[in-house]
Amino acid sequence: MKPKMLQPGDTIGVISPASPSYRSSDVVRGIETLKKWGYKVQLSKNLNKRKGFVAGTDLERAEDFNDMFARKDIDAIFVTQGGYGSARMLKYIDFEVVGQNPKIFIGFSDITSLHLAVLKNTGLITFHGPSMSRFNAEELTSYTKESLFRALTKPEPMGKIQLADEKKYIDLIYPGKAEGILTGGNLTLVCATLGTPYEIETAGKILFLEELDTEPWIIDHMLTHLANAGKLQEAVGIVVGECINCRPSQHNPGYYVDLSTEDLLQEYLKPLKKPAIYGLPIGHTKDMATLPLGVRARLNADKKELEILESAVEP
């Protein structure tokens, strides 16, 4: 299912399905930005409540999610931020309501839990992209904005995911070409779906992964988990985004913490003999590409390119 494209004058609903905003001004500045772009904004009932690690109880956050999908006056749903806690509310989500009211839903990081659950239970295309905390002049780069608008407002294929900085390097892990439905998200959250009703499906698909502030030995642990579950082997191709600050916390020559993330990706992905690259602007990076989950894509590892082959929204 494809949601309707975002158009000037549309109403964007804002929810907090994970952690509350760190800065109180994030939502205010985000609202100002959205209105400047020509959109109306509606805030959810329980926005940015605080209960421990998360923005309200699991039921409160799920009710906001369900309500925004059910409301006919809401055209798209944005999140305040990721952080932690989206998976805690999955049991309260009304997937029938979501499936009957397809609309744009966007976020990243911890929001991976929601993306994968929605895709598996409804087939609705959702978007791995920036949250409200980025919608301000300080943090929203021209690349991030352009990619966001290309994904949400144009009923045509996004095409190739371009580098924001030509000086950046894409690491070829294994050559070749592959086509398939695009799925994935944050590595930690992808692993957390295993063994649950929301387990990621990678068979015949292009899997993309990204991570933040994680030591290589922990990345090793998670890649082992995905491999033991057969998820890496089932994918037709693998794209790893920029893994920000994924390095050892201390220098200890000769010990396991000295391995780099790049070393680990070569070790785990190269033996699969499937197209794989590392370093696209996906995830917790300053210049962030918006990716639609559930659309057909092509990975040309020889050219170090990921191309979105079909539109993610309808007129």
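UniProt places the feature "domain: LD-carboxypeptidase N-terminal", from an unreviewed entry, at residues 12-129. UniProt positions are given here in the numbering used for this structure, feature names are shortened, and annotations may be inferred rather than shown by experiment. Over residues 12-129 the chain is 36% helix and 16% strand, and the end C-alpha atoms are 15 Å apart. Helices (H or I, at least four residues) and strands (E, at least two) are DSSP runs, numbered from the N terminus.

Before going on, the basis of the values. This is a predicted model, in which local features need pLDDT of at least 70 and side-chain atom pairs count only at pLDDT 80 or more, while totals for chains, interfaces and linings use all residues. Residues are numbered from 1 along each chain as its sequence is written, and side-chain values use heavy atoms, with hydrogens and water left out.

I start with a sheet. Six strands form an open sheet with mixed pairing, in the order S2-S1-S3-S4-S5-S12. Two strands pair if DSSP finds at least two bridges between them. At the edges are strand S2 (40-43) and strand S12 (291-293), each of which pairs on one side only. On average, neighbouring strands of this sheet are turned by 25 degrees against each other, direction ignored. For these angles, axes are lines fitted to C-alpha atoms, for helices over the stretch in contact, and angles run from 0 to 180 degrees between N-to-C directions.

Strand S5 (residues 126-128) and S12 run antiparallel and are joined by three bridges. In this pairing, threonine 126 stands opposite leucine 293 in S12. Helix H1 (residues 25-36) packs on the sheet and touches strand S1 (11-15), S2 and strand S3 (76-79); the direction of H1 makes about 150 degrees with that of S2. Contact means heavy atoms within 4.5 Å. Helix H5 (residues 142-153) lies across S3, strand S4 (104-107) and S5, and runs at about 155 degrees to S4.

Two residues of that region deserve a look. Serine 147 has its place in helix H5, and at 1% relative accessibility serine 147 counts as buried. Buried means under 20% relative accessible area, exposed over 50%, and partly exposed in between (1.4 Å probe, protein chains only). Not counting residues up to four places away in sequence, serine 147 touches Met158, Met288, Ala289 and Thr290. Leucine 152, leaving aside its neighbours within four places in sequence, is in contact with Met5, Leu6, Phe78, Ile104, Ile106, Phe127 and Val313.

Which residues touch the most other members of the largest nonpolar core? Of its 70 residues, they are Phe78, Phe127, Leu152, Val239 and Leu269. A nonpolar core is a set of buried Ala, Val, Leu, Ile, Met, Phe, Trp, Tyr and Cys residues joined through side-chain atoms within 4.5 Å. A second, separate core of 22 residues includes Ile74, Leu90, Ala117 and Val118.

Helix H4 (residues 112-122) is mostly covered, with nine of its eleven residues buried. Among the buried residues of H4 are Leu114, His115, Ala117 and Val118. Glycine 123 follows H4 and has a positive phi, near 80 degrees.

Now strand S10 (residues 237-241). Five of its five residues are buried, so S10 is largely enclosed by the rest of the structure. Gly237, Val239 and Gly241 point one way from S10, and Ile238 and Val240 the other way. Strand S9 (residues 206-210) pairs with S10 in the parallel sense over four bridges, and valine 239 in S10 is the bridge partner of phenylalanine 208. S10 also runs parallel to strand S11 (residues 276-280), joined by four bridges; here glycine 241 stands opposite leucine 280 in S11.

Last, the aromatic rings. A search of the whole structure finds eight aromatic pairs. Rings of Phe, Tyr and Trp (its six-membered ring) pair if their centres lie within 6.5 Å; planes under 30 degrees apart count as stacked, over 60 as edge-to-face and the rest as tilted. Why is the pair of phenylalanine 53 and tyrosine 84 edge-to-face? Their ring centres are 5.9 Å apart and the planes stand at 85 degrees, so the pair gets that label. Phenylalanine 53 is exposed, with a relative accessible area of 63%, and tyrosine 84 is partly exposed at 41% relative accessibility.
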